Amino acid sequence: MLVLPFGAARAQAVPNAGERVETLVTFGAQSDKSWGDDDFSQTFFFLIPEKQREPVYIRVWDPGCGGTNDDLKGPANTTTSFSLYGGPGTFSGPQARDPRPTNPNPTGRLLKSQTFGNEAKYDGTWFTFGPLNPLEAEPVDEFQGRVFKMVARGLSGNDGNLYRYFFSTSPTANVAVEGGNAFTYEYCFRLPATSSKTTVHLYPFVNNKVVSIKQSNFDADNGATLEIFSVAKNGHAAAVSGNGEWTSSVLPIAAKEHGLSLDFRLTSTSAAPNDLVFYVTDQYDTALPFFAIPLGGPPRYQYDIGVKLHR
């Protein structure tokens, strides 16, 4: 069973501050995929501790597309739906955790869906889903809690909708759900320009069955470097993709990395911000979750120091 660091997960901003990701991004369905979104859809799961009984809220920052925070490709013409799911199948259903699903219909019970266009009232402000009864979320034993699922989908247009989430106990403010977390199996986000000197951290979780991982990324434009850190890896270089293409590389996993998060450090070498996609699978081609708050904390490399005794 997976043991979550209860009490350490105090900030459910998605992306989280420790990841240093500026925003998530979902493009409209008529966009060119080489702009950085392979399927115009992004799914996040929100994890509630098993003992939580008070209502929770999922807040979306700037859900519309057309303001100063979005990536416009001309006059704003993009609509984006945010659909919330709970109940059986939300997490466990077919393809629910597949980073490249072929079924366009998300699993679970649809609780609420809201579509946003170019409404000025949502520019730089929050829209709140809830109150949500924790018992409406699907139980997930391996995470010792229950999960809701939010699916953002670009329905029309060709702009990039930049947005963030916050998992809250308040409908009007960002108040963390104690012990909560959020995770995704395919991460589509904006990488800051090199001038910001920001290194982005992604935290895929490695369970006890993983022998090797395959990291896959899309549309990095050859404009970044990727290094992987863990308790056993001290900056292993990994492949990054070119414009509008997928690239992958395989790395072995050591036993001491089991039950911990890896640290994917992505540093831009481009003068402009760049939108791109990441996912990670194990040796069985099963996707691994990226947690906003890394399980076990950000990993630190453990040096093996050999000591010789001289007699």
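**Labels and the values behind them**

Q: In β20, which residue is the bridge partner of H201?
A: The bridge partner of H201 in β20 is R265. The model is a predicted one, in which local features need pLDDT of at least 70 and side-chain atom pairs count only at pLDDT 80 or more, while totals for chains, interfaces and linings use all residues. Residues are numbered from 1 along each chain as its sequence is written, and side-chain values use heavy atoms, with hydrogens and water left out.

Q: What makes β13 and strand β20 a pair?
A: Two strands pair if DSSP finds at least two bridges between them. β13 and β20 (residues 263-268) have four bridges, in the antiparallel sense, so by that rule they pair. A strand here is a DSSP run of E with at least two residues, numbered from the N terminus.

Q: How do you know that β16 pairs with β20 and with β17?
A: Six bridges join β16 to β20, and four join β16 (residues 224-229) to β17. Both pairings run antiparallel. Within them, L226 stands opposite L266 in β20, and I228 has H236 in β17 as its bridge partner.

Q: Why are β13 and β17 said to stand at the edges?
A: The open sheet has four strands in the order β13-β20-β16-β17. β13 (199-202) and β17 (234-238) each have a single partner strand, so one side of each is left without a neighbour in the sheet. From one strand to the next, the twist averages 30 degrees (axes are lines fitted to C-alpha atoms, and angles run from 0 to 180 degrees between N-to-C directions).

Q: Why is F116 called buried?
A: Buried means under 20% relative accessible area, exposed over 50%, and partly exposed in between, with a 1.4 Å probe and protein chains only. F116 has a relative accessible area of 1%, so it is buried. F116 is found in strand β6 (residues 109-116). Leaving aside neighbours within four places in sequence, its contacts (heavy atoms within 4.5 Å) include P63, T78, F82 and Y122.

Q: Do F40 and Q144 count as buried or partly exposed?
A: F40 has 10% relative accessibility, so F40 counts as buried. Q144 has 33%, so Q144 counts as partly exposed. F40 is in the loop between β2 and β3, and Q144 is in the loop between β8 (138-140) and β9.

Q: Which peptide bond involving P15 is cis?
A: The bond that joins V14 and P15 is cis, with omega about 0 degrees. P15 is in the loop between β1 (13-14) and β2 (24-27). The bond from G130 to P131 is cis too, with omega near 10 degrees, and P131 lies in strand β7 (residues 126-132).

Q: How many residues of each class are in the lining of the largest pocket?
A: The lining has 10 nonpolar, four polar and six charged residues. Ala, Val, Leu, Ile, Met, Phe, Trp, Tyr, Cys and Pro count as nonpolar, Asp, Glu, Lys and Arg as charged, and the others, Gly among them, as polar.
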